[in-house]
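Here is a short briefing on a structure. Keep the sequence and the 3D view open as you read.

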Amino acid sequence: MTTPIERIRNFCIIAHVDHGKSTLADRLLQETGAVDERNLKEQTLDTMDIERERGITIKSVAVRLNYRAQDGHDYVLNLIDTPGHVDFSYEVSRSLAACEGALLLVDAAQGVEAQTLANAYKAIEQDLEIIPVINKIDLPGADIDSTRRQIHDIIGLDADKAIMASAKAGKGTREVLEAVVERVPQPRGERTGPLRALIFDAVYNSYRGVIVYVRVKEGRLAKGMKILMMSTGRRHEVAELGVLTPGATPTDSLEAGEVGYLICNIKSLKNTKIGDTVTEAQRPAPKPLPGYEEAQSVVFCGLYPAVATDYEELRDALERLQLNDASFHFQADSSDALGLGYRLGFLGLLHMEIVQERLEREFDLTLVTTVPNVAYRVVGLDGQERTVENASKMPGPAEIQRIEEPYIEAEIICPTEYLSPVIELCKKKRGIHVRVDYLDARRCLAVYQMPLAEIVLDFYDKLKTCTRGYGSLEYRLIDYRPGDLVKLDILLNGEPVDALSSIVHRDRAEWTGRTLASRLRKLIPRQQFEVAIQAAIGSRILVRETVKPMRKNVTAKCYGGDITRKRKLLERQKEGKRRMKQVGTVEVPQEAFMALLRVGDEQER
Amino acid sequence: MIGIYLHIPYCRTLCPYCDFVRNPIDGAVPQRFVDAVCGEIAAFEGPDKAGTVFFGGGTPSLLAPASLERILAAVGERFVLEEPEVSIEANPDDVRGGLADAWRALGVTRVSLGVQSFDDGVLGYLGRRHDAATARQACGAVAERFDNWGMDLIFGAQPVDAWDATLAECAALAPKHVSVYGLTYEAATPFAARAGDAVDDDTYLELYWRAEAHLAGFEHYEVSNYAQPGRECRHNLIYWNNLEYAGFGPGAYSFVGGIRARNPVALNDYLAHPGGKCEALRLSDAEVRTETLIQHFRLAAGIRKAAYAERFGRAIHEDYGHALDGLVARGLIEEDREEFRPTRRGFELNNEIGLALVHEGGEPRAIASEA
Ligand SMILES: Nc1nc2c(ncn2[C@@H]2O[C@H](COP(=O)(O)OP(=O)(O)OP(=O)(O)O)[C@@H](O)[C@H]2O)c(=O)[nH]1
Ligand code: SF4
Ligand SMILES: [Mg+2]
């Protein structure tokens, strides 16, 4: 039975990280009976292991709810829970495009934070109806009046009709559902016209192949229909389609306004483009839907299989994971030290960590990761410009006119009492002051322009520390600017190790070199011969550290049964050694390639 | 021909650094245990010929002569012994002239004394029940009655500088065999808490090589063992050549017919089922080859290429060429036409040799046989 379009509401929940989106989704699932009490757990929609362990949402999730409203009608509510972390804001944009309305959650104890603002603006840009929800009103620190004022003053929304909620205690749930029915506009879209459905997500399932999530904008999608993917030009037949309740429930058709999934024997992973438009092959729409901007990578790192023979498996895993997460990019790369591998681009550091972790966990791979860096623009002597995403591929100073680095504009929201440490931090990170706005009596917004490279490593942690957790950050790339940058090389026994090179600001090069060398000294285990670690800029050696040679490694007694035990022990040790990379004559543990990441923790000067 | 190992799992006092299978006891070794061992020997299934018998422990010198006699009789019943080496480990505290006479009379050919040190400070640190004077007396009593006798010494225990004097005294007593062990602070022992006392690696090696300097006329034939020419311990050579042996008593290992098995470690488990096994592992050919090489490289003589080829039916280079070449390049072993031998660095870094060999020789063949 198809739902009349006026009984459909499509909405998402957006907020700053941890303001309670997934918990509110739990209440909505519960209230509408989508999940029975037995199967309800905290943040039911966070199904990935990593999500549950870290307590954050990484992927948007769509669910269909059936709700009988106070007006006596039955409604279908399609809910999308979105992530709040800054790295995943592209997920939010994608979800918004499948909706007509958004619940904007604000934690009553935290107030408006950087992603509250950023996500609210995205929803406004897409012309969505925004329903402010003030959440966590049960907390002792909740300040409802101030939160209401902030919603009005900072975001510019009418806060009078904000709903008071405690997702945890189940307060305000009905009000939220009623507001969705009343205030979110019904979907527009001609059901009889040619089909246009937006692919807003896709996952790979090893039994079913690719499962595509769509929002039907116009026309009708039916089982058995021959469809055409408008940007890739691929044709398929719909083998199954249905709705997510939240489990997959097959139906015969999906009409304009509805959200659901379709399966059509897509085996090849590369052939589904998120943001693509699905149309009917027999009666194609004249024009595709607007689609999505490509997610832009801001950090890059090298990923190498710990065991060289896993190279093919790594490629396979990357391809599969990419279907699930179209926001990272990869291309084949090679390193003298690490062999064949890939260069990956990510949306941020958390995103990088998560992709690595998923690759290792879901595909059972052991990986060596190199230190993340940003993409530099290099202007050669001939005036030619090119992008360098890999510090080790940076040409020598003699071959280039200048290096330009990406700059961002950062918006930092924090309580006014933490403004001066925030300014201090931004200055140290080569930030250029733009302005400070006082948002209300207690909060301010500091706007700085700074090199992206300075924030990818540890800025976020430092910001959290210097604001006792109250500071929040949003940033966007603005342009490239020339920088006084040098390539810092690390040499092991006199040989430069490409995978350990980094680009640093000249003023920081010496300190970074020292810290890195001393870190490496601690990370590289003793070997039969002495290992010399040097940090250098070009031919100038900044510092030398040595790993003393292993003097003895011998078991005093080895009689009867000892031998089998010993062999097994040696076998285990050898397994461990396999995870190390042989760089020339030196065995380097995987963590060493990430040593630079933690350099920022060291006491400075 | 196999070797026979008999584990006597009793000690009068428990030394705090020791992680052997042993149980405290006041008097002599109980009859119940002797019965169990004799029963286990009688029921042994496997080869009949044996060339060595080794009483180890624990403290075999706690066996009353009558018990020793019964066990040897059981061995004689079950096995055909051909000019056997019959060794017994002894605690200096237990050795009296009369006991040593009894051993001789029963056919013991070799005595190994757990001297450990001739310094009272070191013996105290180690928590041994004997002192230096007792050790000297025991050496005298044994030397008078046995041509083939030896002692165990420990270095690296506090006070470390007593080591020279102990070595000098040992050399003066002219035993035929000396085992020299570096003290280890094993995790499951009371000494684990004293791991901070451990000497650094440089000192360890200095003390280790000091033994070679003192024991002129001895051959440093194994990582931790010295012998006058021709007086190597034949029983222990079975282990280092990775040949077959049968072990009796709790915790004892056997290696017969490609199976490495262990008797139950806990005394009560053993007494309940003498002859039962707590682990039994059939080793693959590749595992046997690797273990054989690892063990051989504890020996100064290393491994003869011809011996390998004869035993395993192929050239050693075919199986381990890559690893052996690497070890030669690292200076841990040396090669000549006949054999591979560990170098001095190869003794110091002996486990590195093993590490290079594991996962090497067998694997290509294992994969090939699967295909
Ligand atoms: N006291 C209180 N805690 C709440 C409430 N709602 C959510 N929380 C808690 O806030 C934390 C974050 O909740 P989530 O629902 O995971 O937040 P989220 O917005 O989905 O987080 P991300 O998806 O990572 O952005 C959890 O510990 C919740 O239990 C509430 O109304 N009151
Ligand atoms: S006498 Fe030997 S076996 Fe017994 S506890 Fe002491 S060291 Fe261990
Ligand atoms: Mg969430």
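In chain B, strand β5 (residues 80-90) and strand β6 pair in the parallel sense over four bridges. Strands here are DSSP runs (E) of at least two residues, helices are DSSP runs (H or I) of at least four, and both are numbered from the N terminus. Two strands pair if DSSP finds at least two bridges between them.

This is a predicted model: local features need pLDDT of at least 70, side-chain atom pairs count only at pLDDT 80 or more, and totals for chains, interfaces and linings use all residues. Residues are numbered from 1 along each chain as its sequence is written, while chains are lettered from A and ligands numbered from 1 in the order in which they are written.

**Around strand β6 of chain B**
- B:Ser87 has B:Arg110 of β6(B) as its bridge partner.
- On to the next pairing: β6(B) also pairs with strand β7 (residues 149-155) of chain B, in the parallel sense and over four bridges.
- There, B:Val111 has B:Trp149 of β7(B) as its bridge partner.
- Strand β6 (residues 110-116) of chain B has seven of its seven residues buried. A residue is buried if 20 or more other C-beta atoms lie within 10 Å of its own, exposed if 12 or fewer, and partly exposed in between, with C-beta atoms placed from the backbone.
- In a regular strand, side chains alternate between the two faces of the sheet.
- Both faces of β6(B) are covered: one side holds B:Arg110, B:Ser112, B:Gly114 and B:Gln116, the other B:Val111, B:Leu113 and B:Val115, all buried.

**A three-strand sheet in chain B**
- The strand order of this open sheet is β15-β17-β16, with antiparallel pairing.
- β15 (303-304) and β16 (333-335) stand at the edges with a single partner strand each, so one side of each has no neighbour in the sheet.
- β16(B) and strand β17 (residues 339-342) of chain B share three bridges. B:Ile333 has B:Pro342 of β17(B) as its bridge partner.

**Domains of chain B**
- Domain 1 covers 2-239 and domain 2 covers 286-363; such bounds come from an automatic or database domain assignment.
- Their C-alpha centres lie 29 Å apart.
- Six residues of domain 1 are in contact with seven residues of domain 2. Contact means that the C-beta atoms of two residues, placed from the backbone, lie within 7 Å.
- Strand β9 (residues 219-222) gives the most to the domain 1 side, with three residues.

**Ligands**
- Ligand 1 is surrounded by 22 residues, and A:Gly20, A:Ser22, A:Ile56, A:Thr57 and A:Gly84 are the closest. A residue is near a molecule if its C-beta atom, placed from the backbone, lies within 6 Å of it.
- Helix α1 (residues 21-31) of chain A gives the most to this shell, with three residues.
- The residues around ligand 2 include B:Cys11, B:Cys15, B:Cys18 and B:Gly114.

- Most residues other than glycine have a negative phi, and most peptide bonds are trans.
- A cis peptide bond joins A:Thr245 and A:Pro246, with omega about -10°.
- Another cis peptide bond joins B:Gln158 and B:Pro159, with omega about -10°. B:Pro159 lies in the loop between β7 and α6 (163-173) of chain B.
- A:Asp127 has a positive phi, near 65°. A:Asp127 counts as exposed because it has 9 C-beta neighbours inside 10 Å.
- B:His359 also has a positive phi, near 65°. With 17 C-beta neighbours inside 10 Å, B:His359 counts as partly exposed.
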